[in-house]
Amino acid sequence: MKLFSEAHKTVFVVDHCPYMAESCRQTVEFDMFTKNRAPGIIPLAPISKSLWTCAVESAMEYCRIMYDIFPARKLPATLSSMMSISGDQRLLTVAPKQLMGATRVNFIVSDSRAHTLNSWGQEDQNLQELMAALAAVGPPNPRMDPECCSVLHGLVEAVEVLCKCTDYQHEARTTLMENADRVSNRGRIICITNAKSDSHVRMLEDCVQETIHEHNKLAASSDNLMQIQHCELVLIHTYTAGEDSLVSDRPRKDISLALTSEVHSVRAGRQLPAKLTTLVQQHFDLASTTITNIPMKEEQHANTSANYDVELLHQKDAHTELLRSEGKNMTPITCDHFKGKKVDPHLCNSNRDGAVKDTVTLKWCTPRTNNVELHYCTGAYRISPVDVNSRPSSCLTNFLLNGRSVLLEQPRKSGSKVISHMLCSHGGEIFLHVLSSVRSILEDPPSISEGCGGRVTDYRITDFGEFMRENRLTPVAERGFMMDASMELPLERAKSQLERHTRYWPMIISQTTIFNMQAVVPLASLIVKESLTDDDVLNCQKTIYNLVDMERKNDHLPISTVGTRGKGSKRDEQYRIMWNELETLVRAHLNNSEKHQRVLECLLACRSKPPEEEERKKSRRKREDKEDKSEKVVKDYEPEKSWQDSERLKGTLEREKEELVEAEIIKDSPDSPEPLNKKPRVSIGEIQPLEKVKGPVSLLAMWTNRINTANSRKHQEFAGRLSSVNNKAELYQHLKEENGIDTHENGKGSRQ
C-alpha cells in the first residue's frame, strides 16, 4: 500500500551545537550604497555568515519551494471527494501523486537536547511560523560545552515525530476502520550538521536504525502511533570554505528494509542553498524552466532595456509535451540527465556556483492579450522562482500578479515559432500553463491522408469505431476486488481485453479478406473472448462449415484488386488466402482456453480436402489454364495478321499509283498512239478473300476484304486468261498458224 509516499512527511534536523557558530568564510557586501556615500565616511566592512545561518537559510529555501508548488491545505479535493465513498474503498484508489499537496514539514533543532519547533498540524505549515520559531531559538552559543551537545538528540526526536499521525493519515485510518493498517507511514529525515569523519556518519546511521526498530515496537501496541514502513535519511555535512572535507559523498544505500541513507558533503555559503534546491527537485519530482530574453529597463538608464533570464521550478509534468516533440526541428532543450539517463554531471549546464543546472529553455514572447481563455490549455502547474530575491524574478512576479500573461515559445533552428507555454496568475498564485502545440479538438478533424500512413485511405474506419465502442472504460460497480486481493483489478482486466482484441487486427481493408466477409463475423467476434462456451464453439464451427460450402459453390470473395493488373488472382488462390488468414486469427487466440483448440482442430480438418475434391479442383484449374492459353494465342495472332494485310494493301495502292502516272505521261506525248485502257494487274491470290480464323476479325482485315472484292468486280477478265490452260495463255497464235505450226492443248506447238 503506497497511499502516502516519503514526500508526505519531511523532518529537518539542524545542528545547533557550538561549532555551527563558526564563519563560513564567504564574505557578503553589506554596504551597498557606495556611490551616494558622502566623502570622509569609511565604508562598512563585508560580513560573513555562520554555518548555522547558512543551514537555516538553505532549509527555509527548501520549504519555500515546497510550499509554493504544493501549498498546505486542510483536505485537498482528491481526499475530500473520496470521503463520500462508502465502505473500505475509501482512499484505496488515490494515487500518491494526487496527495502531493498534503506535504508536511517538521523542524527540530538539536543541541544539548532536541527542540521541536512545530507540529504536523496545518496551522504550523507556513514559512512565517517556521521563521518565527527559528528566531526564538537564536544562534548557537559558542561558549556552550561541546561535549553536552549532539545531533543525536534531534535524530531520535525525528524518528519519534515520524511515528505520529498527520491529519491526512488520521483521516484515512478512521475512514478505513478495521483496515487501518493499510495506510502506509513513510517519511524523510534531512539532517544538516558538521560531521567529524565517515565513522561518525556511520554511527549516526546506526543510531537512526536502532531508534526506528524500538519505536516500531512501541507503535505496534499503540492506537495513536504508526509504524514506520520506510525512512529516507539525507545527511548533509557542511564545512567552511578553505578547508578540506573530512566526510566523503555517498549515493543512496539501503541500510535495512526500513532505512535508506545518503551522504552529501557541501561547502557552506552559496553551495549549500544550491544543494538543497537540487534535493527538493529530486524529492518532489520537479523540473526547471529558464525564461530567456525577458526585456527589462535598466535602473541607471531608464530609456534602455536589457534581456535577463529567470529560472522557475514546477512539476515535471509540464515538460511532457516538450519531450514528446523533441527532435522535430527543435534545438536540444535539456541534457541527458533530465531524461533519466546516467551521465557525467559536468556535461549538463552549470551555474556560477558549480551546481548542476538541468533546465529547459523557453523564450519570452511579447504578450498580445490579457485574456487567458483564448488559448487551448492542457495543464496548469504552480511555479516557484529559484532566486526569489533577484530583481529579474521580482519584476517578472509583479508583472504577472498585475493580471498580465506571458507566452513562451520553444527555441527552434528554423521554421515558424511554436508557443508551448504561458505564464499567468489566478487568485494571487502564478501558474505555468501548457498550451497544446498540436491540432485542437475544436478544429476540424484532419484528412486521413495527413496521418502516418500518408496517402493510404482505405483504413477500416467503421470497424475501428466498433472496436473503440467494445473497449470503452466505464466506472466499476463491483467491489469484490477491494477485499479480495486475488481478484483481478478492473484496469488489468481491461488491459487484458484490449490485448486480446489487438493480437490480429489489420488496419487497412486491402490487407484483409476475412474481416470484409459478413460470413466470418460470428467467428471473429467470439474467438477474441477469454473463454468459450459450448454454444460459442458450435457457432464457430458453423461459420467454418459455411465457408467450406461457399468454396464448393465457387462463390466470389471480397478480394481487393488495388495494385494488381489483369484479371487478378484465381478463385482457388483467393480461397487459399482466406483460409490462411482465418488460421492466423484462430492461432493468435489458441492459448486462451481448451475450447479455442477445438475451433482450430475443426478449421484444420475442413482445410484438408478429400481426394475427389482435389481432383475436381485440378481439372477445373487445367481447363481454366487451357482457356487462358487459347485466348492468348488469338490475341497474338490478330496483330500479326493485321500487319500482313496492311502491308499487302499498301503494295497494291503503290502499284496502281505508278501505273496511273505512266499512263498520263504516254497520253500527253504527241507522237504516241492512243494507249489501251488497261486495268491494273492484280494477282488472283489478292482477290480471294482472307482465310477465316477462329476468334474475332480485326477491322483492318474486314476493310481489306471489302476493297479487294469491290476491285475484282470493276473490270472484265483478260480473254487469254479465260482460254488459258493451267493458267497459261499462248501468245502470237496467228503467227504460228501462218507458219503451219499446230498448237496443242498444253500450249506447246509442233511442225507438220
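Predicted model: local features only at pLDDT ≥ 70, side-chain atom pairs only at ≥ 80, totals over all residues.
Figure 1. On one side, β9 runs parallel to β7, and 9 bridges join the two strands. Within this pairing, Leu233 stands opposite Ser261 of β9. Strand β8 also pairs with β9, here in the antiparallel sense and over 3 bridges. Lys253 has Ser261 in β9 as its bridge partner. A hairpin is formed by β8 and β9, with 4 residues between them.

**Figure 2. The open sheet to which β9 belongs.** What is the order of the strands in the sheet? The 7 strands follow the order β5-β4-β1-β6-β7-β9-β8, and their pairing is mixed. Strands β5 (114-116) and β8 (250-254) stand at the edges; each has a single partner strand, so one side of each is left without a neighbour in the sheet. From one strand to the next, the twist averages 20°. As a general point, the strands of a sheet pair through backbone hydrogen bonds, in either a parallel or an antiparallel manner.

**Figure 3. The pairing of β1 with β4, and the helices that pack on the sheet.** Strand β1, covering residues 9-15, pairs with strand β4, covering residues 104-110, in the parallel sense over 7 bridges. One of the residues concerned is Asp15, whose bridge partner in β4 is Ser110. Helix α4 (residues 152-162) packs on the sheet and touches β1, β4, β5, β6 (186-193) and β7 (230-239). The direction of α4 makes about 155° with that of β4. Helix α6 (residues 198-220) likewise packs on the sheet, where it touches β7, β8 and β9 (259-267). The direction of α6 makes about 150° with that of β9.

**Figure 4. Arg25, a residue with positive phi in strand β2.** Arg25 is not a glycine, yet its phi is positive, at about 65°. The strand in which Arg25 lies, β2, spans residues 23-28. Is Arg25 buried or exposed? With a relative accessible area of 52%, Arg25 is exposed, because the term applies to values over 50%.

**Figure 5. Asn293, a residue with positive phi in strand β10.** Asn293 is a residue other than glycine, and its phi is a positive value near 60°. Its place is in strand β10, which comprises residues 286-297. The relative accessibility of Asn293 is 33%, so this residue counts as partly exposed.

Definitions and conventions:
Residues numbered from 1 in each chain as written. Heavy atoms only, no water. Pairing = 2+ DSSP bridges. Axes fitted to C-alpha atoms, helices over the stretch in contact; angles between N-to-C directions. Contact = heavy atoms within 4.5 Å. Buried < 20%, exposed > 50% of the residue type's maximum accessible area, 1.4 Å probe, protein only.
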